[in-house]
Amino acid sequence: MKKFDIPIHYKSSVISEIKVKRKLEDPRKQDFSPTELETGKVKLLIARHFGFCYGVENAIEIAYKTLKENPNKRIFLLSEMIHNPFVNEDLNANGISFIMDNYGNQFVNWDEINSNDIVIIPAFGTTLEIENILKEKNIDTKTYNTTCPFVEKVWNRAALIGKENFTIIIHGKAKHEETKATFSHASQNSKALIIKDINEAEILSKIILGELSKNFFYKFFENKFSKDFDVDKDLLKIGVVNQTTMLASETQAIADLLKETMIKKFGEENLKNHFADTRDTLCYATNDNQSSAIALSETEADFAFVIGGYNSSNTTHLVEILEEKFPTYFISDASKMISKDEIKHFDIHKQKEIITKSYLPNKDKITIAITSGASCPDSIVDEVKNLEQRGFKEVTLLGQNVNSYSFEDKDFADLLAASAKAAPSMRIRFTTSHPQDLSDKLLYTIAEHENICNYIHLPVQSGSNRILELMNRTYTIEHYLNLIDKARKIISNVSFSTDIIAGFPTETEEDHQATLNVMKQVRYDGAYMFKYSAREGTKAYQMNDDVSDEIKTRRLNEIIDLQQKISWEINQNLIGSEELILIESLSKKSDDFYSGRTDSNKICIVPKNDNYKIGDYVKVKINRATSATLFGDPI
Ligand code: SF4
C-alpha cells in the first residue's frame, strides 16, 4: 500500500515497530490476534490493526502539502478533516480555518470566500450542492480534494445500481458528513433512502410488505429520502450500500433482511429484478479494525481503552464490540486518565463524557486491551500506553539556560507545550530560566497548560545594574522587574524563586541595598543564596576578589534573614488553603510522615496514611507553616 508523508509527531516509534513486525510475520493479515506487550505489573494487548488508515494518511499528506505550496493564501477546510480533535487542532494551529462545523453550522459565510482562496474537501467527501457553490466561486475542487478513494468507491457502486433503476438504501448516520455526501451523490442517479440500523431496516421491510402504511414511511423517514420519493414505485427495486465506517455485522444483517423481504414479496425466481446484489462497501480499515476488536474481545483482558475522536463512527463501533465483553473506556487522549483512581471517558449511550472511579482493578497484574479508530494518530496511543505503563508523575526540563532552547524553527515554549500535551496527566517543570529568554510566548504557554507548574526559577544574582554588567548577565534590573510584573499579569498565582550572590567583586553597600530592594519588590517564595567565590573560566575570575569575607558573610546573612521573613509571610498566608501535592518520599525527620511538593515547588509534610503512597497526588489543607515547609492534612 502507498506510503504517505505525514508529520513525525503523529507517529510513535514503538507502535510503528509493532506494526512492521506484525506485517512481516503476517503480510496477508490472516491473524487478527493482538500483540502482547508485558512490562512489570501491566500486560498490554494491542489490537492487530488500528490507527491511521489509508484515507486519513492521504488526507493529512494533502493538507500539509497544501500549506507548503501556498504560503500566501488563505486555506480553508470545509469542516473537520477527519474525526479527531488532535489532528484538527493541529491543522488549525498551522493556519487552516474551518468553514463549518460537523452539523453544517457555518463559521465563515460563503460571501467571505473567493477565488483566491483554497478550500480543502475532507476525507469523507462533500455534497454535490457544496461542490457547486465552490465551482460557482471559481474555486478549484480537484487539486486539494482529500476525499478517500474508499468513500468514492461507495458513490461509484451506488451510481452503478442507480443507473439500473434500483433505489439506493444507504446504511449510515443521516447527520454524518460521509452519509450526507453519499446521499447527495446517490440521489443524482436514482432515489435514495438513509436507514440507521437494523430496527429501521425492519420498519422498512414492513412498509415494503404492506404491513405499515405509506404515510408512516413519510413520517418515520422524514428528511432521509430523496426528493419526490414515491413509496409505491421507489421500493420495488432496491440495493444496499453503506457508509464505509458502519458495523460490519449490522450491515450484513440489514442486507440479509432486505433480501429476504424482496424474496417474500416477489419470489426467489424474480429476486435479481428487485434486489441488487451489492457487495459490502465497508472499507478495508473498518473491516480490519473491527476484526481486530473482535479478536481483542476474545481475550481475558480486565478492561479496554478505545482511543479516538468521540464523533468518529468507526471508533464508536470498536467500543460497541469491546463493551460486550469487558469495561471499555472510550478516551480521546491520555489526559482523560486523570489519576490511577479516576478516568473521564465518553459514554456512547449517554453521548457525554462521564467520570468513572477505581477503574484500575485491584490486582497484582492487570491486562489492558488497547485499540484506536482510523483517525487516531499512533503517537496518542503511545502516550496512553506509556503513562499507564510507566507511572511517571512529574517531568522537569532541565538546563542551565533551558529557555534559550531552539531547534529548527521551534523554541522552548514550543518544546514545553509539546511536552505538556504529550504527558497531560504529569506535572511539567523547567529550570533554570534566563531573564533574557523569558518570552511572552513562554509565559502564555505556562498560563495555558494546567499541567505546567506556575512556578518560575528566575535567577536575579544582584539588584545592581553595574554588578549585573560585570557579571555579563545581559539584562538590567528594570527589564527583570518588568518580566516579573508581566508574568504575574499573565499567569495567575505564579510563584518565583531566584539565585542571589553576595559580595561579588567591587560590590558596594549601595549595590547590596539594591539587591535587598529587589527582593522586597519581587517577594520570592524561595531563594538559593551564596557568598561570592571565584570560579575558574568565568569573566569574574580575572577580577580582584576585593570584598572581605566578613562583609560577604554579613551581607549574605542580611539576604538570608530577609528571604526567610518573606517566605514565612507568604507561607503563613497559605494556612487554610488547599494544595495538590505529589508525595515524593518519607519525611526526613519521621517515618510517620510523607514529604510532598506543591505546584509552586514548596515542601509539604503530611501524615502517613493507607489511602496514599509515594508517587500519588494528594489534595491537602495547609494547617501550619514555617519559612521553609508547609504542613497539611489530606482532604
Ligand atoms: S476509515 Fe476507510 S473510508 Fe474512512 S478514511 Fe479511512 S480508509 Fe477511507
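## The whole chain first

Start with everything selected: of the 635 residues in the chain, 53% are buried. Keep in mind that this is a predicted model. Switch to a cartoon view and you'll be looking at 20 helices and 26 strands. The accessible area is about 30,800 Å², and carbon and sulfur atoms hold 49% of it.

**Next stop: the ligand.** Select the ligand, and you're in the largest cavity. Which residues are around the ligand? Pick Cys53, Gly55, Cys148, Phe150, Val151, Thr244, Thr245, Cys283 and Ala374. This shell has six nonpolar residues, three polar ones and no charged ones.

**Then helix 6.** Select residues 177-189. Buried residues here include Glu177, Glu178, Phe183 and His185.

**Last stop: Ile198.** You'll find this residue in helix 7, which covers residues 198-208. Is Ile198 buried, exposed or partly exposed? Its relative accessibility is 24%, so Ile198 counts as partly exposed. Leaving aside residues up to four places away in sequence, Ile198 touches Glu250, Ala253, Ile254 and Leu257. Finally, draw a line between the C-alpha atoms of Ile198 and Thr251: they are 8.1 Å apart, although 53 residues separate the two along the chain.

Notes: Residues are numbered from 1 along each chain as its sequence is written. This is a predicted model: local features need pLDDT of at least 70, side-chain atom pairs count only at pLDDT 80 or more; totals for chains, interfaces and linings use all residues. Side-chain values use heavy atoms; hydrogens and water are left out. A residue is near a molecule or strand if one of its heavy atoms lies within 4 Å of it. On a 1 Å grid over the protein atoms alone, a cavity is a set of points where a 1.4 Å probe fits but cannot get out, and a pocket is an open set with protein on both sides within 12 Å along at least five of seven lines; lining residues have an atom within 4 Å of a point. A molecule sits in a cavity or pocket if more than half of its atoms lie within 2 Å of its grid points. Ala, Val, Leu, Ile, Met, Phe, Trp, Tyr, Cys and Pro count as nonpolar, Asp, Glu, Lys and Arg as charged, and the others, Gly among them, as polar. Helices (H or I, at least four residues) and strands (E, at least two) are DSSP runs, numbered from the N terminus. Buried means under 20% relative accessible area, exposed over 50%, partly exposed in between (1.4 Å probe, protein chains only). Accessible areas come from the Shrake-Rupley method with a 1.4 Å probe; for residues, only the protein chains shown count as cover. Contact means heavy atoms within 4.5 Å.
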